[in-house]
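Okay, thanks for making time, everyone. I'd like to walk through one model with you, so let me put it up on the screen.

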Amino acid sequence: MKTNWNITYEQNNSSYVKRVETIYNENNKPTRYKGTIESMLYVFFSKTSKKRYTWKREVFKCLLIHLYHQKCYALLRDYGHVQVLHNISAFGDRLVRDVAHWENNALQVHEQLSSLIQHCFAVYETPKFLEHAFYGTNKIYMLWYVQLGSGKPVKSLSQNPIRLTHKMAHEFRNAPAFLGVPEALRYAQALGFGASPEAAKTIAFSRLALIRGDEEPFWESVVQFFAKENTLHTNVLDRVVDYLAYKYRENKAFSMKNRTLKALCDHSDEWHLEVHKTYSGKQLSWAPSGIEPLYVEAGTNATKVVYRTVELLNTVALYEEGSEMQHCVSEYDEDCKAKQCAIFSLRKEVVGQPVEHLATLEINVPNYHIVQAKAKYNQDLDAKSVELINHWIAHSKVRRKNDMAYNVPYEQRAHVRAIERRTMTEGYSSSVCEIVRVLFLILYVVIRVLLALLYT
């Protein structure tokens, strides 16, 4: 359907509309945005030609004027939002409804833009996440929205770099709105290979979301491999993906056949350690901080459990701790060397079992305050770890930062926060009531004085 460019509005002396018409009729040259509405109009009109694809220029002008008449003033003042209008105009030859027939029924700018995009392109229901493409720069993703909105099937989308089955196409169309387009592709692909929804989201938010063009047949096999895993962590997945990218580019014959996750993780850790050594260029080591370590025994001799803290005294030890706990403690070697902090690993040791890393602690030197303490994947500590750290504080020179109680378990913290919010709300309500009472008292006195003056 062609847009009716000859639509007429009531006579309007708006300086904005006049400025749009003036700039539209000029021969615009590339210019810089100077923070004004006028300079913004010059920037966008300079990106549209008066000789080629002239409908882009006409659609953009029509959008600006029509949205002004629809009182979308906040939208028209914002550079990023006007960029969305410019992106819509890039597909002005594919409009399914006249721009001039759109009515503004929303107060929020993003709701206005969402309604406008649907009005312009969507005859059929279209994924919400694709709507967000108009806020970006990838015209292919915008084209996909236009194509799906006009009824084209997912498997026929232009320049799709990923092979999609019917199930994957269905999952792509129904992907969550909070995903970006590449993430939605990986999410749909993982579900098509049998991944659980949670595993598919982890894959979508990992570095697998990077679409690698000609390498896609290999990365498809990687997604298929990880889709079989029930529990995935983004940090672990990203590290393995980095390793796989290196191996595949080193040898195009590298494949995922006959591989296990454990073996991949082991090889990945070894590779990352070598990369870290090469990148850092030197291995640092430093003297102990002088803090007495924690040592607690529990159980009987047959089932004795030892809880201890181990101070990490060189670059490799930090790297291994970071690899085990999946966080960035390996970057603290220079701080440790400069005696600005000390890093301890809280561990659980049981005879005949692998050592379990419970938490990593950063202690500020020389005041010995615990700056931070994190469990694996930077998660909060469990109740046992908190108990052990509090015991360590009671029997060493380690101190809580700001002399505050150390992290309590999540459930208890949630309860504390609820009490704090309730107290703040009650205090706020009391303050408001007191202010209102005083205002009424002042108003009462003023009225009495005025009445007295009136009748004297």
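Before I point at anything, when I say contact, or touching, I mean heavy atoms within 4.5 Å. Two housekeeping notes. This is a predicted model, so local features need pLDDT of at least 70, side-chain atom pairs count only at pLDDT 80 or more, and totals for chains, interfaces and linings use all residues. Residues are numbered from 1 along each chain as its sequence is written, and side-chain values use heavy atoms, with hydrogens and water left out.

Let's start at Met168. Which residues does Met168 touch, not counting residues up to four places away in sequence? Those are Arg163, Ala188, Gln189, Gly192 and Phe193. Take Gly192: 24 residues separate Met168 from Gly192 in sequence, yet their C-alpha atoms sit 4.9 Å apart. Met168 belongs to helix α9, residues 166–173; helices here are DSSP runs of H or I, at least four residues, numbered from the N terminus. Is Met168 buried or exposed? Buried, because its relative accessibility is 2%. The cut-offs are under 20% relative accessible area for buried, over 50% for exposed and partly exposed in between, with a 1.4 Å probe and protein chains only.

Next, helix α1, residues 15–25. Its buried residues are Tyr16, Val17, Val20, Ile23 and Tyr24. Down the axis of α1 they fall within an arc of 135°, so they line one face; the arc uses directions from the helix axis to the C-beta atoms. As a reminder, an α-helix has 3.6 residues a turn, so residues three or four places apart point the same way. On the face turned away from that buried side, α1 carries the exposed residues Ser15 and Asn25. The cover over the buried residues of α1 includes α2 (37–45), α3 (54–69) and α4 (73–77).

Now, cysteines. How many disulfides does a search of the whole structure find? It's 0, where a disulfide is a pair of cysteine sulfur atoms within 2.5 Å. Cys341 is buried at 7% relative accessibility, and Cys62 is buried at 8%.

Last stop, Leu450. Leu450 lies in helix α18, residues 410–454, and is exposed, with a relative accessible area of 52%.

Technical notes: Helices (H or I, at least four residues) and strands (E, at least two) are DSSP runs, numbered from the N terminus.
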